[in-house]
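Biologist: I would like a close look at a single part of this model, the place where its two chains meet, with whatever background is needed to read it with care.

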Amino acid sequence: MRRLENVRGETGEIPDRTVNGENGDRIAVLLRNVTTAYPRSKDPALKNISISIEYGSLTLVTGPNGAGKTTLLELILGFLRPLKGMVRVLGFDMPKYARKVRLMSSYLMQDFMKPPNETYTVRQVVSMGFAPFKGPIRPLSKRERERVEWAIKIVGLEGLEEKPIGILSGGQQQRAFLARVIVRQPKLILLDEPFSSLDREGRLETSKLINDIRKRLNSTVIVVSHDISPIINYVDKIIEMENGHVVRCK
Amino acid sequence: MIFMTLLFIEALVAALLAGSLCGVLGTYLRKLGLLTLCFTVAHAALAGASFSILFSTPPELTAFSFSVVAAFVVEFLYYRVGIEREIISMCTFSLSSALAMIAIYMSPSVTLTSETASLILWGSILAVTPAKIMLLTLLSISLIVYILSFKLEIDALLFDIKLAEAEGVNIQFHSTILLLLTALAISIILKLTGGFLVFALLFNPIAAVERLSYKRQPLLGGIVGGISGLIGVVISYIFDTPIGATIAITASFTLIIGVSISSILEYFRRKKLKHLE
């Protein structure tokens, strides 16, 4: 709870963003009749799907294993090319402007767990969120260092900044990655199975945290999860997928 | 006598620089999954050097051109066509080796046992010149400057390459820089260790270090590589063995030593844990 209060209690640190896109668009992610497949695969991974996600919304993508949920995120980030149809993210056609979109997005990967021998500290891992924005010989500015501390505080990892990430528990590692997600203040946040390594209480807490971060940063959030119960109260839209199709969107 | 001493000192300095440079480069290449490609680059350099005998072109420049072309062909096919990097690398490696053999076979009045060809294939202490030492020094400084300049991006790549890519880190840029530096290093070192054995200096130090420590691997890789080079030159001098092969054997021994020490440490760790139970 203290963590959540921290989020709400922050003032002035993070500039508020308009909910709409820069050119007044209301749609952050638009997929129109998209079919895609992994290289050398016989079957399409996504078949003729159409989705629109508004700026500032929280969308839950759910469905069984192999439904195409992670594929959808990979398509949005430009790791996969559409064989057919159109993908537009934050106003940019994908995958042509993939790098531009990635710089404005943050991604929490499904298999984020690091082994015990991973020596990078929590602070280093969170700071890495700034990596693509730093040119040669440009260390983190004072403001960026403050933002790293802010992000670590929000996810409740104060006191663990100098601990190697590998020795942290699954839940703590996940919070460190969430701090890396928010430190970039992204317009688009993609979270792939963020509750997978958490107990019931941790899931509820993380759901609240995700919602508060979304509100605070005015980011568009897409959560992929088998388990819909922890986050169901906060979502604006639920996309159900099965076998590469969108079976329900409400 | 003075000439021999000077030659020996030059060889020691060159081997130290070459070993350290390859040790550091090898660490980054290994972490970024580019080691197989680097193996191909080394053999492409060998093909280039062999063609330099055939066409009487500058060996270092031809070796560098061949290795750069090989690296770019592999990277193009990997990124643009989607063929696995390992598969293209191994195809290019066999092609390069074959081309090297054909070039040497076709060279007028040159056989495998001739001085020029053996210099490229097996390496020689006579290939070390002050100019090469200067080039190796400059290359080492360039590598250090690059690592320090892009520290945060390189750390992000080493930590999780897929995550870094998803966040917008330009992986192709860093792969290209590292491959260019590797191609340059190999082209310069080629005549010291020989085209077939230069890879030993890139791979063995990091393989040994990985067994012993998770921390400061680039630095340790450089130290182990440098020591391998130094000991290799000394042994080669004492027993009058081919320098390239001796350095390669020394580098391989570092791996054996690394595995042995890590096994012994693991044995004592387990023993200590049993006592705690």
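How many residues of chain A are in contact with chain B, and how many residues of chain B take part?

Modeller: This is a predicted model, in which local features need pLDDT of at least 70 and side-chain atom pairs count only at pLDDT 80 or more, whereas totals for chains, interfaces and linings use all residues. Residues are numbered from 1 along each chain as its sequence is written, and chains are lettered from A and ligands numbered from 1 in the order in which they are written.

At the interface, 22 residues of chain A are in contact with 17 residues of chain B, a contact being two residues whose C-beta atoms, placed from the backbone, lie within 7 Å. On the side of chain A that touches chain B, the elements giving two or more residues are α3 (98–103), β6 (105–108) and α4 (122–127) of chain A; such elements are DSSP runs numbered from the N terminus, helices being H or I with at least four residues and strands E with at least two. By class, that side of chain A has 13 nonpolar, 6 polar and 3 charged residues, where Ala, Val, Leu, Ile, Met, Phe, Trp, Tyr, Cys and Pro count as nonpolar, Asp, Glu, Lys and Arg as charged, and the others, Gly among them, as polar.

Along its principal axes the C-alpha trace of chain B spans about 70 × 50 × 30 Å, and 49% of its 277 residues count as buried, that is, they have 20 or more other C-beta atoms within 10 Å of their own, with C-beta atoms placed from the backbone. Of the contacts in chain B with a separation of 6 or more, 76% join residues 24 or more positions apart.

As for confidence, the model scores ipTM 0.83 and pTM 0.81. The mean pLDDT (the predictor's confidence in each residue, from 0 to 100) of chain B is 86, and 94% of its residues reach 70 or more. Within chain B, helix α5 (residues 115–122) has the lowest confidence, at a mean of 68, and helix α6 (residues 130–149) the highest, at 92. Where pLDDT is low, the predicted coordinates should not be read in detail.

Definitions and conventions:
A residue is buried if 20 or more other C-beta atoms lie within 10 Å of its own, exposed if 12 or fewer, and partly exposed in between; C-beta atoms are placed from the backbone.
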